[in-house]
Amino acid sequence: MPGPLYYYINFHNIQFEDDSSVSQAFGLPFLRDIDWELFLLYEECRGFSGFADDKEYTCDRKYGPEKELSIKLKRITEEETKKFTYITAREYLRKNHGKSLGKPLYKNSAKHFMSIQARGSGKSYSSSGIVNHNLLFDGATDYDDYLTRRKAKQFFASDTVVGAIDTKYTVPLLKKSSTALELLAGSYKLGDEFFPAPLMIDYSGSMAPNRDITSMSGSVLRHRTFKDNPLAANGTRPNLVVLDEVGFMYNIKESWGAVEATQASKQKKNLVIWALGTGGLVSGKAALYAESIFRNPQDYNCIDFEDIWEHRGSIGYFVPYSKTLNEFKTGENKMTDDLLANMYIENRRKEAKKSPDPTVYQTEIINGPMLPSEAFLVLEGAFFPTLLIKEQLAEVEGGKYKKYTDASFKGRLVFTQDGTVDFETIQDEKPIRKFPLNKNDDKRGCVELWAKPQRNPDGTINRGVYIAGIDVVDKDKATTDSLPCIVVMNRFTRQIVAEYTGRTGEAKDFYEICRKLLMYYNAMGMYEKNLIGLYNYFDQNKCTYLLAETPYQLRSTDTYKAGTNTSKGINASGSINSEGRNMVKSWLQERISTVSETRVYETIYSPAMLTELVMWNPDGNFDRVSALIMLMWLDSTMYKEVTQKVEQIKTFLDNDYFSKMGVLKKKPIETFNSNYYS
């Protein structure tokens with residue numbers, strides 16, 4: 001049992017809720033399966049590398065994944081690497097070795113921890129235990145060294161930062177820490193004299209926001225808020241930073257980078273960032289960035305886990321709702337009875353689903369997530385059908401639809417000798433599948449096709465079958481995290497058949513990709529004409545016919561002039577974007593045909609597009625959603641303009657009077673009179 005867990009279970013008093021009354025009592029926590037797991041992971045993060053007396057196995061990464069680099073840097077010799085068999089800390093810590101192997105060693109550099117847990121897991125109490133252990137024992141990992149230095153008055157000194165976006169998240173956690181210090185097990189009273197617990201320390205200061213407490217040995221516990229200040233931890237040298245409720249930290253990435261920079265110069269890092277979130281307690285853009293770290297743990301030096309729930313690669317640590325239900329924990333080791341817990345949850349969901357209000361079911365899932373994707377659902381502010389799109393995203397990234405993303409065509413568009421455009425598949429090209437991107441991610445991307453154009457027997461493509469929406473940029477160098485994007489849709493099947501999202505070397509390179517993609521599908525494209533670079537490029541290349549006309553209902557009589565930039569594209573104002581999002585929302589839930597129950601969202605195979613639809617909020621950059629808005633305006637316009645033109649060409653002979661009198665023959669339905677949906 002790790003030292004921090006031994007301390008937590010035997011000395012760290014927590015508050016219990018008594019279901020039978022309003023009273024609350026304090027006591028030592030239960031030792032549950034999830035506590036074992038959490039504290040063993042903390043050891044892994046602290047750099048656990050094996051036991052001193054084990055002459056056969058080691059968890060020191062110099063003997064494993066870092067061996068080649070360590071030999072090159074002369075941190076270890078080739079001969080030395082043959083002395084031990086490397087085993088991962090995670091596997092080694094869970095073994096029963098049958099005998100004592102001496103003291104634990106911590107030779108590995110520390111790693112971070114990103115966790116999303118269902119409510120009721122007790123993560124705040126366990127985190128307060130970790131905080132107090134680091135303060136009480138000065139961050140020491142070697143007991144003998146710790147005692148020797150204390151006797152010599154040469155103390156270790158730990159530096160702990162507890163932070164969040166707001167004090168309403170830090171104050172409750174630190175209240176748990178201060179209460180546990182006051183009630184530290186082992187104190188007693190003899191007559192009128194009080195004797196504090198042997199593990200108790202002298203400290204001074206305050207746990208108020210942005211204040212510190214300091215122990216006699218020099219260890220510090222700091223209370224920081226990161227609201228509007230991602231640099232709140234600057235000037236500290238922490239070995240432990242606890243970030244609570246990261247689902248609300250809209251500046252989590254900036255704060256994370258600033259905290260890591262406090263140890264940038266150290267060869268062996270001893271800083272652990274212990275980042276915690278609660279399923280359902282996420283908000284807008286903050287949820288987007290927190291999930292980005294959770295889905296890409298290795299990019300942030302976090303320990304990672306296989307996604308055994310949705311099979312979407314490496315993720316952070318996830319605790320499902322079933323593991324938090326103490327009612328279903330049995331035996332001396334408080335192991336969860338999964339069968340009973342899952343039955344209970346399934347019944348709750350079934351009852352919630354009966355409600356005519358869909359938010360009842362969605363709230364039940366958010367508050368009791370059983371899958372990682374459910375933990376990041378945003379109830380407030382969710383615009384598109386989040387639950388449905390999340391399910392599709394899980395299928396695309398790890399389920400039955402993964403084959404479509406693997407089998408898509410990836411490459412570039414090229415001109416052939418006869419002047420037509422063809423698609424050249426390039427095996428090594430990689431489209432951008434992640435959203436949002438990190439600073440150092442490759443932003444070039446590539447053209448990705450899910451369906452090549454359907455051609456007539458003579459090789460032609462009917463005009464009007466394919467349309468595109470374009471989110472444009474004018475600047476060659478990005479000043480934001482925005483990326484230009486073009487998406488192409490088949491109006492018959494309602495499916496997105498092609499996409500390019502990426503940052504090209506120059507803006508004109510993106511315009512050229514748009515031109516070729518439109519020519520390849522014989523499509524017309526709607527774009528935001530607030531930026532004129534795209535139109536100018538198409539005008540120079542004599543192909544403005546590929547750009548869609550401004551919708552008739554959006555034309556200004558003062559500025560509209562046929563044959564110029566004023567006759568093309570859309571000025572994307574707030575109201576136009578709002579109406580466009582409504583059209584996107586309706587399109588997502590359309591059936592792909594009258595004889596199919598399949599909805600449009602089930603035919604989207606772009607993970608990044610699905611992620612943007614799930615995480616959309618008014619504050620962020622969602623380039624694919626912007627392109628879809630342009631696409632939907634064009635789709636709607638084509639339908640409405642056909643209808644309007646049919647009305648406009650009626651003559652007096654089209655009056656119902658002549659038809660009723662039988663003086664006119666019935667005319668066959670012409671192509672012009674039919675819309676593109678049939």
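Which residues does Asn 490 touch, not counting residues up to four places away in sequence? They are Gln 454, Val 465, Tyr 466, Gln 495 and Val 497, where contact means heavy atoms within 4.5 Å.

## Basis of the report

This is a predicted model, in which local features need pLDDT of at least 70, side-chain atom pairs count only at pLDDT 80 or more, and totals for chains, interfaces and linings use all residues. Residues are numbered from 1 along each chain as its sequence is written, and side-chain values use heavy atoms, with hydrogens and water left out.

## Asn 490

Asn 490 is found in strand β25 (residues 485-490); strands are DSSP runs of E, at least two residues, and helices are runs of H or I, at least four, numbered from the N terminus. With a relative accessible area of 2%, Asn 490 is buried (under 20% relative accessible area, 1.4 Å probe, protein chains only).

The side chain of Asn 490 reaches the backbone nitrogen of Phe 492 at 2.8 Å. A polar atom of that side chain also lies 3.3 Å from the backbone nitrogen of Thr 493.

## Ala 608

Helix α19 (residues 607-615) contains Ala 608, which is buried at a relative accessible area of 0%. Leaving aside neighbours within four places in sequence, Ala 608 is in contact with Ile 432, Arg 433, Lys 434, Phe 435 and Arg 624. Ala 608 and Arg 433 are 175 residues apart in sequence, yet 5.0 Å apart in space, C-alpha to C-alpha.

## Helices α11 and α12

The axes of α11 (residues 338-353) and α12 (residues 358-367) come within 8 Å and cross at roughly 160°; axes are lines fitted to C-alpha atoms over the stretch in contact, with angles from 0 to 180 degrees between N-to-C directions. The two helices are therefore roughly antiparallel (over 145 degrees). The contact is made by Arg 348, Arg 349, Ala 352 and Lys 353 of α11 and Val 360, Tyr 361, Glu 364 and Ile 365 of α12.

Notes
Parallel < 35°, antiparallel > 145°, perpendicular 65-115°, else oblique. Buried < 20%, exposed > 50% of the residue type's maximum accessible area, 1.4 Å probe, protein only. Polar contact = N/O pair within 3.5 Å; in protein donor to acceptor, adjacent residues only side chain to side chain.
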